[in-house]
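Here's a quick briefing to read with the model open.

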Amino acid sequence: MATYDLIVIGTGPGGYVCAIRAAQLGMKVAVVEKNPTLGGTCLNVGCMPSKALLHASEMFQEAGHSFAKMGIGVSAPKLDLPAMMGFKQQGIDGNVKGVEYLMKKNKINVISGTGRILAAGRIEVTTADGGKQTVEAKNIVIATGSDVAKLKGVAIDEKRIVSSTGALSLDKVPGKLLIIGAGVIGLELGSVWRRLGAQVTVVEFLDRILPGMDGEIARQFQRILEKQGFAFKLGAKVTGVDTSGETLSAQVEPAAGGAGETIEADVVLVAIGRAPYTRDLGLKEAGVALDNRGRVEIDKHFATSVKGIYAIGDVVRGPMLAHKAEDEGVACAEILAGQAGHVSYDVIPSVIYTTPEVSSVGRTEEELKQAGTAYAVGKFPFTANGRSKVNQTTDGFVKILADAKTDRVLGVHIIGREAGEMIQEACVLMEFGGSAEDLARTCHAHPTRSEAIKEAALAVGKRAIHM
Ligand SMILES: Cc1cc2nc3c(=O)[nH]c(=O)nc-3n(C[C@H](O)[C@H](O)[C@H](O)COP(=O)(O)OP(=O)(O)OC[C@H]3O[C@@H](n4cnc5c(N)ncnc54)[C@H](O)[C@@H]3O)c2cc1C
């Protein structure tokens, strides 16, 4: 007889949410976690600490640069980095404790140690001191997440050559920060350290920043970041970093080949992406198949190649985002309970928490062109939005892409303050298959930045009012 109905390996947003939903549905559940704290990458070294530092560094920047023009006289702000790191840690601790509480509340057993699948229904857990126990369950969900992707020739020491984890805990502001990779994590952490005083250079292999994001939005975002002091080297690759001197020397070559150059830096941040985490899980021996990118292969019901073993979150296909992992956790638990769990993969928003923020949901203009879909575009700039004008935060615009024939909204892209909150109304609309007309006829409170969404929806029909 299995001890549990379900054991989830990993307590990131995918794993702990799956466990809670399964417990709500009446299952006897345990989670296995190898880290000393619950919450996974997201709570410990990902979403949460990065957002705490983005918030604190933004306040620092505002106090130094924006208060005076609003008539608030303060002396130049002084950075107390240990205190700022303390602020970050308090946020992490609060959230981690929250997950511990939720495990207790839902009567989920937390088993500390590294889980290894012996076979369907059986997991061996090894504790930090080497102790072993075998636990049994009717079903197993793998939610082991992802780890930093490594770059050949650039060895991470988490002191001078750091991953996102080290970049969240530097003990001083680097004079020069070189970031490898112009993706979300590199640009967010680059923003933190630039605001605190670092000179930031970003080297990106492709000829654009933020691959996969709407091109027009990415171009404007790059211009704004350059105005803020970012330097970009696009179409270039770092082939090695010499660590022998007091400062680091990175060898940078054009991606297409040709003469290279050396860039000096105090800290190099490797932010080229993340890789699925399947180490020590015993997948091969248990017969669990991986896909060609090393991710656990699953069908549309999250089932792996072995009956009774499922997988969700960063360790499987799809965007590596916490809310995608959470939704998969819920859907997977519901499927295990015999319900029709479902994730709407076409409506997964993505947000970059810089200033301004960037958010998007659905198709980009490039994707619609490539698919041959006829579409109409409606755009509205924050320079024409009353609330943005009075607050003097007018960078950016809203862009809505709607089907040319049916007016159904296919994609929404926003660059601007609070874009991460604003995108949600587009998600709800798209979840219900709504049209630009629906959005345009929805009353929006005045004065809000969200009125720019209504105006962009009106602009799809060429009838924006304030432009
Ligand atoms: C710097 C940074 C910023 C980010 N910001 C955002 C953001 O703003 N928004 C967003 O949506 N996403 C963000 N992400 C991505 C987000 O963190 C991940 O998508 C999310 O954490 C994935 O959740 P998960 O449950 O699949 O895995 P994880 O959160 O990675 O959790 C996996 C857990 O499994 C445990 N584990 C692994 N193997 C074993 C084993 N064998 N036995 C026991 N336990 C094991 C690990 O210790 C870990 O706790 C960010 C990531 C980083 C690095």
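What follows is a short tour by topic, starting with the ground rules.

This is a predicted model, where local features need pLDDT of at least 70, side-chain atom pairs count only at pLDDT 80 or more, and totals for chains, interfaces and linings use all residues. Residues are numbered from 1 along each chain as its sequence is written, and side-chain values use heavy atoms, with hydrogens and water left out. Helices (H or I, at least four residues) and strands (E, at least two) are DSSP runs, numbered from the N terminus.

**The ligand site**

- Of the 39 residues around the ligand, Glu-33, Thr-41, Lys-51, Gly-115 and Ala-322 come nearest; a residue makes the list if one of its heavy atoms lies within 4 Å of the molecule.
- Elements giving two or more residues to the shell are helix H1 (13–24), strand S2 (29–33), helix H2 (40–45), helix H3 (47–65), strand S4 (114–119) and helix H9 (322–336).
- H2 supplies the largest share of that shell, with four residues.
- Sorted by class, the shell has 15 nonpolar, 19 polar and five charged residues. Here Ala, Val, Leu, Ile, Met, Phe, Trp, Tyr, Cys and Pro count as nonpolar, Asp, Glu, Lys and Arg as charged, and the others, Gly among them, as polar.

**Ile-123 in strand S5**

- Ile-123 sits in S5 (residues 122–126).
- Ile-123 counts as buried because its relative accessibility is 0%; buried means under 20% relative accessible area, exposed over 50%, and partly exposed in between (1.4 Å probe, protein chains only).
- Leaving out residues up to four places away in sequence, the contacts of Ile-123 include Ile-7, Ile-9, Leu-118, Val-135 and Ile-140, a contact being heavy atoms within 4.5 Å.

**Cysteines**

- There are zero disulfides in the whole structure, a disulfide being a pair of cysteine sulfur atoms within 2.5 Å.
- Cys-18 is in no disulfide, and the nearest cysteine sulfur, on Cys-332, is 4.7 Å away.
- Cys-18 is buried, at 0% relative accessibility, whereas Cys-443 is exposed, at 71%.

**Helix H14**

- H14 (residues 451–460) is mostly covered, with nine of its ten residues buried.
- Among the buried ones are Glu-451, Ile-453, Glu-455, Leu-458 and Val-460.
- The cover over H14's buried residues includes strand S20 (375–381), strand S21 (397–403), strand S22 (409–416), helix H12 (419–431) and helix H13 (436–440).
- After H14 comes Lys-462, which has a positive phi near 55°.

- Thr-355 is in the loop between strand S18 (350–352) and strand S19 (357–362), and with 16% relative accessibility it counts as buried.
- The Thr-355 side chain makes polar contacts with the side chains of Glu-58 (3.1 Å) and Arg-195 (2.9 Å). A polar contact is a pair of N or O atoms within 3.5 Å; within protein, one must be able to donate a hydrogen and the other to accept it, and residues adjacent in sequence count only if both atoms are side-chain atoms.
- The peptide bond joining Thr-355 and Pro-356 is cis, with omega about -5°.
- Another cis bond runs from His-446 to Pro-447, omega near -5°; Pro-447 is in the loop between H13 and H14.

**Positive phi in loops**

- Most residues other than glycine have a negative phi, and most peptide bonds are trans.
- Lys-107 has a positive phi near 55°; Lys-107 lies in the loop between helix H4 (81–105) and strand S3 (109–112) and is exposed, at 73%.
- Gln-392 also has a positive phi, near 55°; Gln-392 is in the loop between helix H11 (386–391) and S21 and is exposed, at 52%.
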